[in-house]
Amino acid sequence: MCFFGGEPLLNINGIKFAIEYVHEFDKNIQFSMVINGSLCTKEIASFLAKNQVEVIVSMDGPEEFHNRARININQEGTYRQAIRGYKNLKEAGCKTGISAVIGPHNEKHFDKLIEWVIEQKPNSFGLCLPHGDENNFAMKISSFDETHKKMIEAFDILHKNGINLVQVKQKMDAFIKGYAIPYECKACGKRIVACKNKKFGICEGPITKSEMFYDNIDKLPKCIHEYKKTSPFYNEACCKCIAYRVCGGSCVYDKLTRFGRADIQDKCRCGLNKRIAEKSMEYIIKYLPKSNENYILNTEDRKNILSKINSSL
Ligand code: SF4
Ligand code: SF4
(Lines give C-alpha, C1' and ligand atoms only; values in the text may rest on other atoms or scores of the structure.)
(Ligands and ions follow the chains in the order given, each with its own letter.)
Protein backbone atom coordinates (compact mmCIF):
# COMPACT_ATOMS: atom_id res chain seq x y z
CA MET A 1 0.00 0.00 0.00
CA CYS A 2 1.48 3.32 -1.05
CA PHE A 3 0.55 6.77 0.29
CA PHE A 4 0.76 9.54 -2.33
CA GLY A 5 -0.12 13.21 -2.26
CA GLY A 6 0.04 16.11 -2.87
CA GLU A 7 1.90 15.68 0.36
CA PRO A 8 0.77 12.67 2.44
CA LEU A 9 2.29 13.93 5.70
CA LEU A 10 -0.28 16.74 5.77
CA ASN A 11 -2.53 13.98 7.06
CA ILE A 12 -0.26 12.00 9.39
CA ASN A 13 -3.24 11.10 11.60
CA GLY A 14 -5.00 9.56 8.61
CA ILE A 15 -1.86 7.58 7.80
CA LYS A 16 -1.49 6.33 11.37
CA PHE A 17 -5.12 5.26 11.34
CA ALA A 18 -4.76 3.50 7.95
CA ILE A 19 -1.66 1.57 9.01
CA GLU A 20 -3.25 0.38 12.26
CA TYR A 21 -6.50 -0.50 10.50
CA VAL A 22 -4.79 -2.51 7.75
CA HIS A 23 -2.58 -4.30 10.27
CA GLU A 24 -5.71 -5.55 12.05
CA PHE A 25 -6.43 -7.59 8.92
CA ASP A 26 -2.95 -8.46 7.73
CA LYS A 27 0.35 -7.76 9.46
CA ASN A 28 2.31 -8.62 6.31
CA ILE A 29 1.09 -5.80 4.10
CA GLN A 30 4.04 -3.54 3.27
CA PHE A 31 3.69 0.25 3.15
CA SER A 32 5.50 2.88 1.16
CA MET A 33 5.11 6.60 0.82
CA VAL A 34 6.28 9.43 -1.43
CA ILE A 35 6.87 12.71 0.43
CA ASN A 36 8.64 16.03 -0.07
CA GLY A 37 10.45 15.70 3.27
CA SER A 38 9.48 19.07 4.70
CA LEU A 39 7.02 17.74 7.30
CA CYS A 40 9.00 14.70 8.37
CA THR A 41 9.91 15.37 11.99
CA LYS A 42 11.99 12.98 14.13
CA GLU A 43 8.81 11.71 15.75
CA ILE A 44 7.13 10.95 12.41
CA ALA A 45 10.34 9.34 11.09
CA SER A 46 10.46 7.05 14.10
CA PHE A 47 6.79 6.06 13.64
CA LEU A 48 7.47 5.25 9.94
CA ALA A 49 10.61 3.25 10.80
CA LYS A 50 8.74 1.28 13.48
CA ASN A 51 6.07 0.34 10.94
CA GLN A 52 8.65 -0.49 8.27
CA VAL A 53 7.29 2.08 5.84
CA GLU A 54 9.61 2.60 2.87
CA VAL A 55 9.80 6.34 2.32
CA ILE A 56 10.75 7.97 -0.98
CA VAL A 57 11.70 11.63 -0.73
CA SER A 58 11.35 13.82 -3.81
CA MET A 59 14.58 15.78 -4.18
CA ASP A 60 16.13 16.94 -7.44
CA GLY A 61 19.78 16.99 -6.38
CA PRO A 62 22.01 19.36 -4.41
CA GLU A 63 20.53 22.61 -3.07
CA GLU A 64 21.45 24.74 -6.10
CA PHE A 65 19.47 22.49 -8.50
CA HIS A 66 16.64 21.42 -6.22
CA ASN A 67 15.82 25.04 -5.34
CA ARG A 68 15.51 26.04 -8.98
CA ALA A 69 12.44 23.84 -9.35
CA ARG A 70 11.03 22.99 -5.94
CA ILE A 71 9.86 26.17 -4.27
CA ASN A 72 7.23 27.00 -1.67
CA ILE A 73 4.32 29.42 -1.91
CA ASN A 74 6.70 32.32 -1.12
CA GLN A 75 8.96 31.34 -4.04
CA GLU A 76 11.67 30.13 -1.63
CA GLY A 77 13.71 26.98 -2.26
CA THR A 78 12.72 23.98 -0.13
CA TYR A 79 15.98 22.00 -0.09
CA ARG A 80 16.82 22.56 3.58
CA GLN A 81 13.45 21.33 4.78
CA ALA A 82 13.57 18.34 2.42
CA ILE A 83 17.05 17.20 3.43
CA ARG A 84 16.24 17.68 7.14
CA GLY A 85 13.28 15.32 6.76
CA TYR A 86 15.39 12.84 4.80
CA LYS A 87 18.08 12.85 7.50
CA ASN A 88 15.46 12.26 10.18
CA LEU A 89 14.35 9.17 8.26
CA LYS A 90 17.93 7.90 7.95
CA GLU A 91 18.61 8.44 11.65
CA ALA A 92 15.41 6.59 12.56
CA GLY A 93 16.54 3.62 10.44
CA CYS A 94 13.87 3.89 7.75
CA LYS A 95 14.28 2.24 4.39
CA THR A 96 14.63 5.30 2.15
CA GLY A 97 14.60 6.18 -1.50
CA ILE A 98 15.20 9.39 -3.41
CA SER A 99 13.21 10.32 -6.47
CA ALA A 100 14.61 13.07 -8.69
CA VAL A 101 12.81 14.59 -11.64
CA ILE A 102 15.07 15.46 -14.55
CA GLY A 103 14.42 18.86 -16.08
CA PRO A 104 16.12 22.05 -17.23
CA HIS A 105 17.21 22.68 -13.61
CA ASN A 106 19.56 19.67 -13.39
CA GLU A 107 19.87 17.96 -16.81
CA LYS A 108 23.34 19.42 -17.47
CA HIS A 109 24.69 18.45 -14.05
CA PHE A 110 24.34 14.68 -13.90
CA ASP A 111 27.84 14.29 -12.45
CA LYS A 112 27.03 16.53 -9.44
CA LEU A 113 23.60 14.94 -9.07
CA ILE A 114 25.02 11.41 -8.95
CA GLU A 115 27.84 12.41 -6.57
CA TRP A 116 25.21 13.93 -4.27
CA VAL A 117 22.99 10.80 -4.41
CA ILE A 118 25.95 8.61 -3.43
CA GLU A 119 26.60 10.85 -0.39
CA GLN A 120 22.95 10.50 0.73
CA LYS A 121 23.13 6.67 0.69
CA PRO A 122 19.49 5.93 -0.21
CA ASN A 123 18.42 2.28 -0.55
CA SER A 124 17.06 3.06 -3.98
CA PHE A 125 17.10 5.93 -6.41
CA GLY A 126 14.68 6.87 -9.16
CA LEU A 127 15.50 9.27 -11.96
CA CYS A 128 12.14 10.36 -13.31
CA LEU A 129 11.64 11.65 -16.79
CA PRO A 130 9.16 14.52 -16.66
CA HIS A 131 5.42 13.88 -16.88
CA GLY A 132 2.62 15.87 -18.46
CA ASP A 133 2.60 18.27 -21.39
CA GLU A 134 4.61 21.36 -22.37
CA ASN A 135 3.02 23.34 -19.52
CA ASN A 136 5.19 21.36 -17.11
CA PHE A 137 8.47 23.18 -16.51
CA ALA A 138 10.45 19.92 -16.49
CA MET A 139 9.22 19.02 -20.00
CA LYS A 140 11.36 21.90 -21.31
CA ILE A 141 14.37 19.61 -21.11
CA SER A 142 16.86 20.43 -23.91
CA SER A 143 17.57 16.88 -25.12
CA PHE A 144 15.75 13.67 -24.19
CA ASP A 145 18.35 11.65 -26.07
CA GLU A 146 21.22 13.10 -24.04
CA THR A 147 19.24 12.54 -20.82
CA HIS A 148 18.62 8.87 -21.69
CA LYS A 149 22.34 8.41 -22.38
CA LYS A 150 23.26 10.00 -19.05
CA MET A 151 20.76 7.79 -17.21
CA ILE A 152 22.47 4.66 -18.50
CA GLU A 153 25.88 6.03 -17.50
CA ALA A 154 24.45 6.87 -14.07
CA PHE A 155 23.23 3.28 -13.69
CA ASP A 156 26.79 1.92 -13.78
CA ILE A 157 28.19 4.50 -11.37
CA LEU A 158 25.36 4.11 -8.87
CA HIS A 159 25.50 0.33 -8.87
CA LYS A 160 29.22 0.36 -8.20
CA ASN A 161 28.22 2.30 -5.09
CA GLY A 162 25.50 -0.14 -4.07
CA ILE A 163 22.53 1.99 -5.18
CA ASN A 164 19.79 0.64 -7.41
CA LEU A 165 18.65 2.89 -10.27
CA VAL A 166 15.14 1.51 -10.20
CA GLN A 167 13.86 2.10 -13.74
CA VAL A 168 16.95 0.71 -15.45
CA LYS A 169 17.67 -2.28 -13.20
CA GLN A 170 14.17 -3.82 -13.36
CA LYS A 171 14.08 -3.78 -17.16
CA MET A 172 17.66 -4.93 -17.56
CA ASP A 173 17.06 -7.91 -15.25
CA ALA A 174 13.91 -8.84 -17.19
CA PHE A 175 15.71 -8.52 -20.54
CA ILE A 176 18.54 -10.81 -19.44
CA LYS A 177 16.29 -13.32 -17.64
CA GLY A 178 14.12 -13.59 -20.76
CA TYR A 179 10.98 -12.27 -19.06
CA ALA A 180 8.42 -9.91 -20.54
CA ILE A 181 7.12 -6.67 -19.06
CA PRO A 182 3.82 -6.14 -20.89
CA TYR A 183 2.89 -3.07 -18.84
CA GLU A 184 5.31 -0.73 -17.11
CA CYS A 185 2.73 0.92 -14.87
CA LYS A 186 0.69 -0.93 -12.28
CA ALA A 187 -2.31 1.20 -13.29
CA CYS A 188 -2.75 -1.45 -16.00
CA GLY A 189 -4.61 -3.81 -13.67
CA LYS A 190 -2.51 -4.09 -10.54
CA ARG A 191 -3.58 -1.13 -8.46
CA ILE A 192 -6.50 0.83 -7.13
CA VAL A 193 -6.08 4.49 -6.24
CA ALA A 194 -8.36 5.52 -3.40
CA CYS A 195 -8.78 9.20 -2.61
CA LYS A 196 -10.87 11.31 -0.28
CA ASN A 197 -14.66 11.13 -0.34
CA LYS A 198 -14.37 7.40 -1.14
CA LYS A 199 -13.52 7.90 -4.79
CA PHE A 200 -11.63 5.21 -6.68
CA GLY A 201 -9.51 5.17 -9.81
CA ILE A 202 -6.45 3.40 -11.20
CA CYS A 203 -3.94 6.19 -11.87
CA GLU A 204 -2.70 8.97 -9.61
CA GLY A 205 -1.80 11.29 -12.54
CA PRO A 206 -5.27 12.82 -12.88
CA ILE A 207 -5.81 13.08 -9.11
CA THR A 208 -7.44 16.52 -9.51
CA LYS A 209 -9.78 15.36 -12.27
CA SER A 210 -12.97 14.06 -10.73
CA GLU A 211 -14.13 12.50 -14.03
CA MET A 212 -11.39 9.86 -13.70
CA PHE A 213 -12.49 8.76 -10.21
CA TYR A 214 -15.63 6.84 -9.35
CA ASP A 215 -17.83 6.01 -6.35
CA ASN A 216 -17.79 2.38 -7.33
CA ILE A 217 -14.85 0.11 -8.11
CA ASP A 218 -16.99 -1.78 -10.65
CA LYS A 219 -16.20 1.07 -13.08
CA LEU A 220 -12.45 0.35 -12.95
CA PRO A 221 -12.17 -2.64 -15.34
CA LYS A 222 -13.23 -0.39 -18.24
CA CYS A 223 -10.43 2.11 -17.38
CA ILE A 224 -7.92 -0.73 -17.04
CA HIS A 225 -8.94 -2.02 -20.47
CA GLU A 226 -8.21 1.43 -21.97
CA TYR A 227 -4.88 1.77 -20.12
CA LYS A 228 -3.72 -1.67 -21.25
CA LYS A 229 -3.68 -0.44 -24.83
CA THR A 230 -0.37 1.21 -23.93
CA SER A 231 1.49 -2.09 -24.21
CA PRO A 232 3.82 -2.43 -27.21
CA PHE A 233 2.25 -5.89 -27.55
CA TYR A 234 -0.81 -4.11 -29.01
CA ASN A 235 1.21 -1.84 -31.28
CA GLU A 236 2.41 -3.28 -34.55
CA ALA A 237 4.87 -0.42 -35.03
CA CYS A 238 6.75 -1.65 -31.93
CA CYS A 239 7.28 -5.27 -32.87
CA LYS A 240 10.73 -4.79 -34.37
CA CYS A 241 12.03 -2.61 -31.55
CA ILE A 242 14.92 -4.02 -29.49
CA ALA A 243 13.04 -3.03 -26.30
CA TYR A 244 9.73 -4.65 -27.38
CA ARG A 245 9.74 -7.34 -24.67
CA VAL A 246 10.62 -5.13 -21.68
CA CYS A 247 9.40 -1.64 -22.61
CA GLY A 248 5.95 -1.93 -21.02
CA GLY A 249 4.65 1.13 -22.84
CA SER A 250 5.63 3.80 -20.26
CA CYS A 251 3.25 6.20 -18.50
CA VAL A 252 -0.26 5.92 -19.94
CA TYR A 253 -1.51 9.17 -18.47
CA ASP A 254 1.28 11.06 -20.26
CA LYS A 255 0.22 9.56 -23.56
CA LEU A 256 -3.43 10.39 -22.93
CA THR A 257 -2.49 13.97 -21.96
CA ARG A 258 -0.23 14.57 -24.94
CA PHE A 259 -1.75 12.48 -27.72
CA GLY A 260 -5.24 11.62 -26.49
CA ARG A 261 -4.61 7.88 -26.83
CA ALA A 262 -2.67 5.11 -25.11
CA ASP A 263 -1.68 2.95 -28.10
CA ILE A 264 1.07 5.23 -29.34
CA GLN A 265 4.86 5.46 -28.92
CA ASP A 266 6.08 8.13 -26.51
CA LYS A 267 9.36 9.35 -27.95
CA CYS A 268 10.27 11.04 -24.63
CA ARG A 269 10.73 7.55 -23.18
CA CYS A 270 11.41 5.24 -26.14
CA GLY A 271 15.08 6.23 -26.27
CA LEU A 272 15.65 5.15 -22.67
CA ASN A 273 14.00 1.77 -23.20
CA LYS A 274 16.10 1.13 -26.30
CA ARG A 275 19.28 2.06 -24.48
CA ILE A 276 18.40 -0.29 -21.60
CA ALA A 277 17.93 -3.14 -24.07
CA GLU A 278 21.20 -2.28 -25.85
CA LYS A 279 23.09 -2.13 -22.56
CA SER A 280 21.64 -5.54 -21.60
CA MET A 281 22.80 -6.94 -24.95
CA GLU A 282 26.26 -5.51 -24.29
CA TYR A 283 26.40 -7.44 -21.01
CA ILE A 284 25.11 -10.63 -22.62
CA ILE A 285 27.82 -10.47 -25.29
CA LYS A 286 30.48 -9.66 -22.70
CA TYR A 287 29.62 -12.43 -20.25
CA LEU A 288 28.31 -15.27 -22.39
CA PRO A 289 30.90 -18.08 -22.58
CA LYS A 290 32.88 -17.95 -25.84
CA SER A 291 31.91 -21.58 -26.48
CA ASN A 292 28.26 -20.49 -26.99
CA GLU A 293 28.75 -19.46 -30.61
CA ASN A 294 25.03 -19.38 -31.44
CA TYR A 295 24.11 -16.96 -28.69
CA ILE A 296 21.14 -19.10 -27.65
CA LEU A 297 20.77 -18.52 -23.93
CA ASN A 298 19.57 -21.19 -21.53
CA THR A 299 18.41 -20.51 -17.96
CA GLU A 300 21.84 -21.24 -16.52
CA ASP A 301 23.52 -18.79 -18.93
CA ARG A 302 21.02 -16.10 -18.00
CA LYS A 303 21.63 -16.64 -14.26
CA ASN A 304 25.43 -16.54 -14.74
CA ILE A 305 25.29 -13.33 -16.74
CA LEU A 306 23.19 -11.62 -14.08
CA SER A 307 25.44 -12.73 -11.25
CA LYS A 308 28.53 -11.54 -13.19
CA ILE A 309 26.90 -8.14 -13.76
CA ASN A 310 26.00 -7.86 -10.08
CA SER A 311 29.49 -8.81 -8.92
CA SER A 312 31.26 -6.59 -11.45
CA LEU A 313 29.30 -3.50 -10.46
S1 SF4 B 1 -0.05 5.91 -15.87
FE2 SF4 B 1 1.54 7.40 -15.36
S3 SF4 B 1 0.60 8.83 -13.91
FE4 SF4 B 1 -0.72 7.01 -14.03
S5 SF4 B 1 -0.06 5.74 -12.32
FE6 SF4 B 1 1.07 5.08 -14.15
S7 SF4 B 1 3.00 6.23 -14.12
FE8 SF4 B 1 1.57 7.24 -12.69
S1 SF4 C 1 10.65 1.68 -26.84
FE2 SF4 C 1 9.12 2.75 -28.11
S3 SF4 C 1 9.23 1.70 -30.09
FE4 SF4 C 1 10.23 0.37 -28.58
S5 SF4 C 1 8.66 -1.02 -27.83
FE6 SF4 C 1 8.68 0.72 -26.46
S7 SF4 C 1 7.12 2.14 -27.27
FE8 SF4 C 1 7.61 0.69 -28.90
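Which element gives the largest share of the lining of the second largest pocket? In this predicted model, that share, five residues, comes from helix α8, where helices (H or I, at least four residues) and strands (E, at least two) are DSSP runs numbered from the N terminus. The model is a prediction in which local features need pLDDT of at least 70 and side-chain atom pairs count only at pLDDT 80 or more, whereas totals for chains, interfaces and linings use all residues. Residues are numbered from 1 along each chain as its sequence is written, chains are lettered from A and ligands numbered from 1 in the order in which they are written, and side-chain values use heavy atoms, with hydrogens and water left out.

The second largest pocket holds about 260 Å³ of space, a pocket being an open set of points, on a 1 Å grid over the protein atoms alone, where a 1.4 Å probe fits, with protein on both sides within 12 Å along at least five of seven lines. Grid points are joined across faces, edges and corners, and the volume is the space filled by probe spheres set on the points. The pocket is lined by 16 residues, of which Met212, Tyr214, Cys223, Glu226 and Tyr227 are the closest to its centre; a lining residue has an atom within 4 Å of a point. Two or more lining residues come from each of α8 (220-227) and α9 (252-259). By class, the lining comprises 10 nonpolar, one polar and five charged residues, with Ala, Val, Leu, Ile, Met, Phe, Trp, Tyr, Cys and Pro counted as nonpolar, Asp, Glu, Lys and Arg as charged, and the others, Gly among them, as polar.

Tyr227 also belongs to the surroundings of ligand 1, together with Cys185, Arg191, Cys203, Glu204, Gly205, Cys251, Val252 and Tyr253, where a residue is near a molecule if one of its heavy atoms lies within 4 Å of it. The shell around ligand 1 divides into six nonpolar, one polar and two charged residues. Around ligand 2 are Pro232, Cys238, Cys241, Tyr244, Cys247, Gln265, Cys270 and Asn273, a shell with six nonpolar, two polar and no charged residues.

The largest nonpolar core has 68 residues, and those with the most contacts inside it are Leu48, Leu89, Phe125 and Leu127. Such a core is a set of buried Ala, Val, Leu, Ile, Met, Phe, Trp, Tyr and Cys residues joined through side-chain atoms within 4.5 Å. Helix α10 (residues 267-287) gives the most to this core, with seven residues, and at least three residues are drawn from each of domain 1 (2-128) and domain 2 (166-313), the bounds coming from an automatic or database domain assignment. In soluble globular proteins, nonpolar side chains tend to be buried together.

Leu127 is placed in strand β5 and counts as buried because its relative accessibility is 1%, the classes being buried under 20% relative accessible area, exposed over 50% and partly exposed in between (1.4 Å probe, protein chains only). Leu127 and Ile44, which are 83 residues apart in sequence, lie 26 Å apart, C-alpha to C-alpha. Ile12, in helix α1, likewise counts as buried, at 16% relative accessibility, and its C-alpha atom is separated by 26 Å from that of Met212, 200 residues apart along the chain. By contrast, Ile73, in the loop between α3 (63-69) and α4 (79-92), counts as exposed because its relative accessibility is 80%. The C-alpha atoms of Ile73 and Cys195 are separated by 24 Å, with the two residues 122 residues apart along the chain.

Several backbone features lie in loops. A cis peptide bond, with omega near 0°, runs from Gly5 to Gly6, and Gly6 is found in the loop between β1 (2-3) and α1 (12-25). Lys121, in the loop between α5 (110-120) and β5 (124-128), has a phi near 50°, a positive value in a residue other than glycine, and is exposed, with a relative accessible area of 58%. Lys198, in the loop between β7 (193-195) and β8 (199-201), has a positive phi near 55°, again in a residue other than glycine, and is exposed at a relative accessible area of 67%.
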